[in-house]
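This report covers the pockets and the ligand surroundings of one protein structure.

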Amino acid sequence: MQIDILTLFPQMFQGPFSTGIFQRAIDHKLVSVNIHNIRDYTSDKHHTVDDYAYGGGAGMILKPEPIFEAVESIKSDIYREKGGGELPIILLTPQGRLFSQQIALELSRYSHLILICGRYEGVDERIREHLVTDEISIGDYVLSGGELAAMVVVDAVVRLLPGVLGSEASTLDDSHSNGLLEYPQYTRPAVYRGWSVPEVLLSGNHAQIARWRREQAIIRTLERRPELLDKANLNLEERRLVNRLSTSPTLPPSDEIH
Ligand code: ADE
């Protein structure tokens, strides 16, 4: 996958993309990330990227010209080198659709993404209307720009690309990938400060372990994010478990449910 990011602050991207699985993904050529400085696409001598809002109001607005120029130049390079194909052009903005694991999965299926980091008080509306194909928000709060949001999106997408994580299975149980939060995890020692790992995990019985984990994922979701259960893919028995637990005054401790 190739990801092109347009920003006024390229230096912000130095750290996150040169560590851990990300660096490994780049080294293995599973992903390439190109950071473009929007200022490099200006044509006036002051390299102006923003201007006052028509109609007045506080704050500066990102001008359309450098962003159109940048996206069109990147697009034509991509089409020249790799041919056509659908190419999402995504603006990071608090006004976008709310990012989710589902959207990360959707984006991970493209061979290219272009991300535009908004800044200041906003971007000229013509960028929204005539250039971008999607707008994404990472949450209902306002950041000082789209850079951190772009990093969040890129991180969530890249770890889903085949070969990036050690084992393909390791993303399947992630919180949110099956509509549920992840079950509790333990490692050695089996007893730490008197706190034991649940017996079932030491049993070696894989069917029982899978069942326990599924139930724990459901219980955890019910406790912390009950609204997620409306959309989760539960069988009849699991729906009954949810109904039983929702109507009981307190949820039972984890080792009582098998
Ligand atoms: N830019 C500023 N705030 C943002 C948010 N919450 N999500 C995406 N981009 C943003």
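## Ligand contacts

A polar contact is a pair of N or O atoms within 3.5 Å. In this predicted model, a backbone N or O atom of glycine 139 lies 3.1 Å from a nitrogen atom of the ligand. Threonine 93 has a polar backbone atom 3.1 Å from a ligand nitrogen atom, and for leucine 143 the distance from a polar backbone atom to a nitrogen atom of the ligand is 3.0 Å. On its own the ligand has 260 Å² of accessible area, and the protein covers 97% of that area.

There are 13 residues around the ligand, of which Thr93, Ile138, Gly139, Tyr141 and Leu143 come nearest.

## Largest pocket

The largest pocket holds about 570 Å³ of space. Its lining has 16 residues, and those closest to the centre are Gln101, Gln102, His176, Ser177 and Gly179. Five of the lining residues are nonpolar, eight are polar and three are charged. Domain 1 (2-166) and domain 2 (172-256) each supply at least three residues to this lining.

## Second largest pocket

About 340 Å³ of space lies in the second largest pocket. It is lined by 23 residues, with Leu92, Thr93, Pro94, Val142 and Leu143 closest to its centre. Strand E5 (89-98), strand E7 (122-123) and strand E8 (134-137) are the elements that give two or more residues to the lining. E5 gives the most, with five residues.

By residue class, the lining of the second largest pocket divides into 11 nonpolar, nine polar and three charged residues. Thr93 and Leu143 are among the residues closest to the centre of this pocket and are also among those that come nearest to the ligand.

Conventions: Residues numbered from 1 in each chain as written. Predicted model: local features only at pLDDT ≥ 70, side-chain atom pairs only at ≥ 80, totals over all residues. Heavy atoms only, no water. 1 Å grid on protein atoms, 1.4 Å probe; cavity = no way out; pocket = protein on both sides within 12 Å on 5 of 7 lines; lining within 4 Å. Points joined across faces, edges and corners; volume = space filled by probe spheres on them. Nonpolar A, V, L, I, M, F, W, Y, C, P; charged D, E, K, R; others polar. Domains from an automatic or database assignment. Helix = DSSP H or I, 4+ residues; strand = E, 2+ residues; numbered from the N terminus. Near = heavy atom within 4 Å. Polar contact = N/O pair within 3.5 Å; in protein donor to acceptor, adjacent residues only side chain to side chain. Areas by Shrake-Rupley, 256 points an atom, 1.4 Å probe, with all protein chains shown as cover.
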